[in-house]
Amino acid sequence: MGISPHTKHFLSTVIVHLACTAILQMAAELCFPMELLGWSQAFQPIHRLLLIGLLPALYLAMTKRRPHTAYLVDYACFKGSPTCRVPMSTFIEHMNLTPFVEGRSIRFMTRVLERSGIGDESNLPPSVSYIPVYRSLEEARAEAELVVFSAIDDLFAKTGVTPDTVGILVVNCSIFAPVPCISDMIVGRYNLRDDIRAVNLSGMGCSAGVTAVALATRLLQATWPQHGAHYALVVSTETLTSNYYVGKERPMQLSNVLFRIGGAAVLLSTSKEKARFRLTHLVRTITGAASDAAYSCIFQDEDAEGELGMNLSKDLPTVAADALKANITAMGPLVLPLTEQLRFAVLAVMSSISRKLPINGRQVLRPSVPDFRKAFDHFCIHTGGPTAIDGVQRVLGLSDQHVEPPRMTLHRFGNTSSSSVWYELAYVEAKGRMSKADRIWMIGFGSGFECVSAAWECIRPAEQTDKAWAECIRRYPVGAHYRARLAETIEC
């Protein structure tokens, strides 16, 4: 049986009070500096008593102001249906039958698909299978309900938590913003409490899944225990039906090829009871203010014919690299051991001097990146594509096993936008690689441009494989022949 918060506060007060008394007694008995000893003896007994009582009061005040730790109770990923499965051959055949796609565009999208790292088991919504694609509001709402309700049902079944104990709801979906909103759809479906704090995030792209966790955490810390919000529910998804591009601009056609249906439901709490992970740090860096290229590299716009789509700029890899470096700079001091921080600081100074004083026209030392493998055991990197994953691997100096979760998630489920990091975490656990006290780094990239990361510590590994990976995890990682074929297509 756990100790109540009031009992903990009382015991803390007694312990600090006794410690202060012991310190003063020891100071009088030992060789305490005479000036300080004389200064303490100048107080009247009542003043000494007040001083001793003030220290515990200050300690308790600081403790109360400290935010409550957030915990991850559990999560569930949307699996998808065999009827929504779209092999590469089916996707290419569909493009050839689509009226608005011409020959050059078909060849372009075929090359992109071959280099995308996506396998033959990813899913697309039923509306995309129509010829022509049927982009109605009804179909988009049906897609959202399918993904969101399935993930939440699995989460409640996993945790045994009842909907009436959820006091906070945060939903992120960038493109689809129906009325009523998706959070209202969830409230109505599960009959959630009428005083629930419900928030919808939109327009934030693939990083919104981690951002939603940050927002839910802040709401939990601000309202508990006054509001009685025992749990916060976070739902991350992206609705493809409403964002399918039917024009001819190649940068806008990329989103049709790269993104797949997916979603995740996550349950957070300020109580360690039932929790499986502890949230240790959250860092969000936005580079849009410093660069127009960063702000506009992922941009929803209309083409020359008025067709709405998502424009993915060629500057995206460079912008993402800059955002990652900014996020690394902020995250490093929070998680790296002191020895690694000192090593990095020395190398940074030497590199700076080397840039200013090159020898024979070349730089002696190149900029270094801290070794984050000393701070984290697992890395969940957004599945933006093989090039993006390769870039993060190169910058952070990660091994092939470190980036196996994002690669295999991309192969099995495609780019599921903001929910991809949860599929990766589920992959690590499904492979049996998660242990107690392991540290996980989630990294998401999104429009704006921003890089958002979360650091977790495992309290208790999963007892069962998440439904999304349960039937196929034995086939992963895929063989060397797939990776060789992918490397060959990228070089071409």
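In strand E4, Leu 233 is the bridge partner of Leu 169. That pair belongs to a predicted model. The chain has 492 residues, and 48% of them count as buried. Its secondary structure comes to 17 helices and 11 strands. Among contacts in the chain with a separation of 6 or more, 80% join residues 24 or more positions apart.

**The sheet**

- An open sheet is formed by 9 strands. Their order is E3-E2-E4-E5-E1-E6-E11-E10-E9. The pairing is mixed.
- The edges are held by strand E3 (197–201) and strand E9 (378–381). Each has a single partner strand, so one side of each is left without a neighbour in the sheet.
- On average, neighbouring strands of this sheet are turned by 20° against each other, direction ignored.
- Strands of a sheet pair through backbone hydrogen bonds, either parallel or antiparallel.

**Strand pairs in the sheet**

- E2 and E4 are joined by 6 bridges and pair in the parallel sense.
- E2 and E3 also run parallel, with 5 bridges between them. Here Asn 172 has Leu 201 of E3 as its bridge partner.
- Strand E1 (residues 71–77) and strand E5 (residues 263–269) run antiparallel. The two are joined by 6 bridges. In E5, Leu 268 stands opposite Leu 72.
- E2 is largely enclosed by the rest of the structure, because 7 of its 7 residues are buried.

**Helices on the sheet**

- Helix H7 packs on the sheet. H7 touches strand E2 (166–172), E3 and strand E4 (231–237). The direction of H7 makes about 140° with that of E2.

**Helices H6 and H7**

- Helix H6 (residues 137–159) packs with helix H7 (residues 182–190) at an angle of about 50°. Their axes are 11 Å apart.
- H6 and H7 are therefore oblique to each other. Their crossing is right-handed.
- From H6, the contact takes in Arg 141, Ala 144, Glu 145, Val 148, Phe 149, Ile 152, Asp 153 and Phe 156. From H7 come Ile 182, Met 185, Ile 186, Arg 189 and Tyr 190.
- The contact of H6 with H7 has 9 nonpolar and 4 charged residues, and no polar ones.

**Helices H14 and H15**

- Helix H14 (residues 404–413) and helix H15 (residues 420–430) pack at an angle of about 110°. Their axes lie 9 Å apart.
- That angle makes H14 roughly perpendicular to H15. H14 passes H15 in a right-handed crossing.
- On the H14 side, the residues that meet H15 are Glu 404, Pro 405, Pro 406, Met 408, Thr 409 and Phe 413. On the H15 side they are Ser 420, Tyr 423, Glu 424, Tyr 427 and Val 428.
- By class, the contact of H14 with H15 divides into 7 nonpolar, 2 polar and 2 charged residues.

**Burial of H14**

- All of H14 is buried, 10 of 10 residues, so H14 is largely enclosed by the rest of the structure.
- The buried residues of H14 include Arg 407, Leu 410, His 411 and Arg 412. Charged residues are among them.
- Just after H14 comes Gly 414, with a positive phi of about 75°.

**Gly 446**

- Gly 446 is found in strand E10.
- The relative accessible area of Gly 446 is 1%, under the 20% cut-off, so Gly 446 is buried.
- Gly 446 and Cys 206 are 240 residues apart in sequence. In space they are 4.7 Å apart, C-alpha to C-alpha.
- Beyond its neighbours within four places in sequence, Gly 446 is in contact with Met 204, Cys 206, Ser 207 and Ile 298.

How values were computed. Residues are numbered from 1 along each chain as its sequence is written. This is a predicted model: local features need pLDDT of at least 70, side-chain atom pairs count only at pLDDT 80 or more; totals for chains, interfaces and linings use all residues. Side-chain values use heavy atoms; hydrogens and water are left out. Axes are lines fitted to C-alpha atoms, for helices over the stretch in contact, and angles run from 0 to 180 degrees between N-to-C directions. Helices (H or I, at least four residues) and strands (E, at least two) are DSSP runs, numbered from the N terminus. Angles under 35 degrees count as roughly parallel, over 145 as roughly antiparallel, 65 to 115 as roughly perpendicular and the rest as oblique. A crossing is left-handed if the near helix is turned anticlockwise from the far one by less than a right angle, and right-handed if clockwise. Contact means heavy atoms within 4.5 Å. Two strands pair if DSSP finds at least two bridges between them. Buried means under 20% relative accessible area, exposed over 50%, partly exposed in between (1.4 Å probe, protein chains only).
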